[in-house]
Amino acid sequence: MKFKTTAVERRWIGYDVGNSAFTMLAATLLPIFFHTLAGDAGVSETDYLAYWAYTTSVVTVLVAILGPTLGSLSDLSEMKIKLFAGCVLVGAVSCVVLGFAVHWLWFLLVFALSKTAYQLSLVIYDSMLRDVTTADRMDEVSAKGYAWGYIGSCAPFIAAVAIYVLYAMLDLIPMGAAAALGCGITALWWLGWTIPLWKTYEQTHSVSPGEHPARDGLRNLGGLFRELAASPKALWFLVAFFFFINGVYTIIDMAISYGTSLGLDTVGLLVALLVTQVVAFPSALIFGRLSRRVRSEWLIVICIAAYFAATVYAAFMAHLYQFWILAVVVGIFQGSIQSLSRSYFAKIIPQDKSGEYFSVYDIFGKGASFTGTLLVGLVTQLSGSQNVGVGVLALMFPIGLIFFLLSVRAPGQRE
C-alpha cells in the first residue's frame, strides 16, 4: 500500500528538514571556523580537538538535565508550542550571533547556547509526533522525518560551502564574512521550515498541572527508572543503546574536527559530509522497507557491526580518500541505526507509557553523546594522538552488541 503523508504530518517532517541544516553546520563548518580562530590564538591541534569535544559534552549534560523538566512542562495544555518556539528562536538567533564571534572562547560559548536550544527543541518536537499522526503511522512518519532531514539539509549546506570556498580557496572574502553568511543562511532556513508547524500545530494530548509540575515530572522519572529495573528487555536495550549510540553520535559530532586536526583538506571534508547526507536519504528508506521482511533485531546487529568496522578504519585514517570511504559507509548506516533503534524500543515498552519511556531513551542518548566526546577529548590529550582518541570509540560497539543480544533474549513484550 502506498504511504501518503497528510498536511500536518508534512509540516512536522518539515521541521526535520529545517533543523537538520543546523546539524550539518555544527558538524562541518563550525569546527572549521573554530579551528581557524583557535589556531590564530595559538591553540594546539590536540587542544583544539579536545576543547571542541569538551564543549559538545557540556551541551549534552545541559540537555540531559533540562530536557526532562522541559518535557514535563510541555505536557501542560498549550505549553508545547510555546516552549518549542522559544527554543527555536534562541537557537536560531544565537546561530546568527555565532557568525560574528571573533575569539575562540566566545565562539565556544555561543555555540554551546545555540546547540543546547536546538537539542531542547528536538525533545519537544519528538513528543509532538503523538499529536500529528496516529499510532499505526508513527513508524513511517518518523522514518520520513529522518530521510527528508538528511536530504533537505543539503540545500543550505551547499550554499554555506560555496561561500566558504570563496574564503578558503579563492580568497575573495575574509573568514568572518564566510562565517556570518553561512550561519545566517542556516538560521533563516531553520526558521523558515519551522513557521508552518509553528502556526498550525494543535496540542491534543495534555495533562493537568500539579502544584509543582516541573518537580512532579522529575519524580515520575525516578519512578520510571525503578520500573525499568523490573523490565529486563527494555533495560538491557537502553544499556546497549547507551554504548552503541555513543559511537554513532560521537562520530557525527567529531568527524570534521577529527579530519581537520589531521590536516586534511577542509573543502574535501565538507564535500564528503555532503555525500554522507545524500547516501543517508535512500539508505534510511531502504532499511525501513527491509524491516517489513527482516526482523529489526538483525538489522540493528548489522548496523552495529558496520559501525564497529568503520570506527576501526577511522583510527588508521590519514588521507582524504579514506575519509570519503568512511563518509559513504557512515551514510549508509547512520539514519538506519537511529530509526531502527527508536522503532525497536517503541515495540518493547508499554504503549500507554511511551512518552515517559522515551524521556529515558533521550537521557541515555544524551549521556552517550557526553561520554563519547569526553572520552575522545581525554584520550587525545593523554595519548597526544587524534587517531588513538577516535579509535577508542570502537570499544563501544561490541559492548553495545552484547547488551543488545541480552535484550533480544530477555523475556518481555515482543514485536
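1. The lining of the second largest pocket divides into five nonpolar, two polar and three charged residues. Here Ala, Val, Leu, Ile, Met, Phe, Trp, Tyr, Cys and Pro count as nonpolar, Asp, Glu, Lys and Arg as charged, and the others, Gly among them, as polar. This is a predicted model: local features need pLDDT of at least 70, side-chain atom pairs pLDDT 80 or more, while totals for chains, interfaces and linings use all residues. Residues are numbered from 1 along each chain, and side-chain values use heavy atoms, without hydrogens or water.

2. That second largest pocket holds about 160 Å³ of space. α1, α7 (138–152) and α9 (175–200) each give two or more residues to its lining. α1 gives the most, with five. Lys144, Trp148 and Trp193 are among the lining residues. Helices are DSSP runs (H or I, at least four residues), numbered from the N terminus.

3. The whole structure has one cavity of 30 Å³ or more. On a 1 Å grid over the protein atoms alone, a 1.4 Å probe fits in a cavity but cannot get out; a pocket is an open set with protein on both sides within 12 Å along at least five of seven lines; lining residues have an atom within 4 Å of a point. A volume is the space filled by probe spheres set on the grid points, which are joined across faces, edges and corners.

4. Met24, Phe157 and Thr186 are among them.

5. Ser114 sits in helix α5 (residues 104–127). Ser114 counts as buried because its relative accessibility is 0% (buried: under 20% relative accessible area, 1.4 Å probe, protein chains only). Its side chain reaches the backbone oxygen of Gly91 at 2.9 Å.

Technical notes:
Buried < 20%, exposed > 50% of the residue type's maximum accessible area, 1.4 Å probe, protein only. Polar contact = N/O pair within 3.5 Å; in protein donor to acceptor, adjacent residues only side chain to side chain.
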